[in-house]
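Hi everyone, thanks for coming. I'll walk you through one structure today, starting with the overall picture and then moving on to the aromatic rings. Have a look at it while I talk.

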Amino acid sequence: MYANRSAGRTAGRLGAAVAVGVTLLSAVGCSTDAGTGARDATAPDARASAAVPAKAAAKASTSPAPSMPEPAVLAKAHVHITEGQTVGVGMPISVTFDKPVPESERKAVESRLRVRTSSGTTGAWSWVKDQNLYDGQRVDFRPESTYWQPNTTITLHVGSHRVRHFDIGRSLVATVDAKRHRMTVDTGGRTQTIPVTTGGPKTPTWNGTMVVMDKAPVVHMDSRTVGLGTQYEGDYNWAVHVTASGTYVHENSHADTAAGHENVTHGCVGLATDGTAKNFYKQVIVGDVIKVTGAKKAVVDPGNGFGDWNLTWAKWLENSRAGKTTTA
């Protein structure tokens, strides 16, 4: 099942878990429209200066070297991860802006978005076309290697305006095999296999790597909002949201008989009502990885949620202006 997230959406923010999500449906997925309540810290960057050696000072100009001014767009930049939050290993750092950043300023913006990590990660910023924003309104940072190292502590400096601290938690990667109708959940070396049902022939599930954006115990879905009559309408429990276009992993009564055997959903990944869906819901956190293979649909775009991992490292660097960097 699918939903339209574009109406009333605060771009670039992760949704927090809510008691009930009221959803408008589209032809591409099911979704909620919850915000995060993210708070921007206001601590300015510390600026250190080193003494100039005497011989060098004698040759130096008496006038200070001009410095490039800080891009004004950083003053109102939005960071999708809240202060002190713990996220899964798949969550990129995503920064969005109230207006598109001109091409001429993008390198300067990247250089002022400074990432520090406890694991010395090599990564890069890259400009991502968010499906609900204009080009130049979103830039993401991800590691070169696949996913973050678990238990990494990260600090992000947004120019001189704010600092954000957060942590990477344990690793959880769930791989959905649409052909075999099963999901394998790997949590730090512990593996479990869960029967699932995915999108049917006319409404297949996206392929590719997705990241948990938010989750809600109950989401209301109504097929009438997309011209599908009364095919489905009601509340769906234990909903884990993985694309901006509205794909979920959630409880579905049809999974009680179809899971493990056939694909019958409107595009989401359906789990049985016998506690399977609730148990999976309780395991996952924002930033965990959901991978789908074997579905009869294209790979999800990087800007449809957090599909950053669907680009190779070489492709990722093509949209980076400052190139790769090693954090410390």
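Let's start with the contacts. This is a predicted model, so keep that in mind. If you take contacts between residues at least 6 apart in sequence, 71% of them join residues at least 24 apart. The protein has 5 helices and 19 strands. Of its 328 residues, 52% count as buried.

Okay, on to the rings. How many aromatic pairs does the structure hold? There are 5. Take Phe-141 and Trp-148: their ring centres are 6.2 Å apart and their planes sit at 25°, so this pair counts as stacked. Both Phe-141 and Trp-148 are buried. They also belong to a cluster, with ring pairs linking Trp-125, Phe-141 and Trp-148.

Now compare Tyr-147 and Trp-309. Here the centres are 5.0 Å apart and the planes are at 75°, so we call the pair edge-to-face. Tyr-147 is in the loop between β7 (138–143) and β8 (153–158), while Trp-309 is in the loop between β18 (289–293) and α5 (313–318), so this pair ties together parts that are 162 residues apart in sequence. Tyr-147 and Trp-309 are both buried, too.

Arg-106 lies over the face of Trp-127, 5.2 Å from the ring centre.

Key. Residues numbered from 1 in each chain as written. Predicted model: local features only at pLDDT ≥ 70, side-chain atom pairs only at ≥ 80, totals over all residues. Heavy atoms only, no water. Phe/Tyr/Trp six-rings, centres within 6.5 Å; stacked < 30°, edge-to-face > 60°. Buried < 20%, exposed > 50% of the residue type's maximum accessible area, 1.4 Å probe, protein only. Helix = DSSP H or I, 4+ residues; strand = E, 2+ residues; numbered from the N terminus. Lys NZ or Arg CZ within 6 Å of the ring centre and 35° of its normal. Contact = heavy atoms within 4.5 Å.
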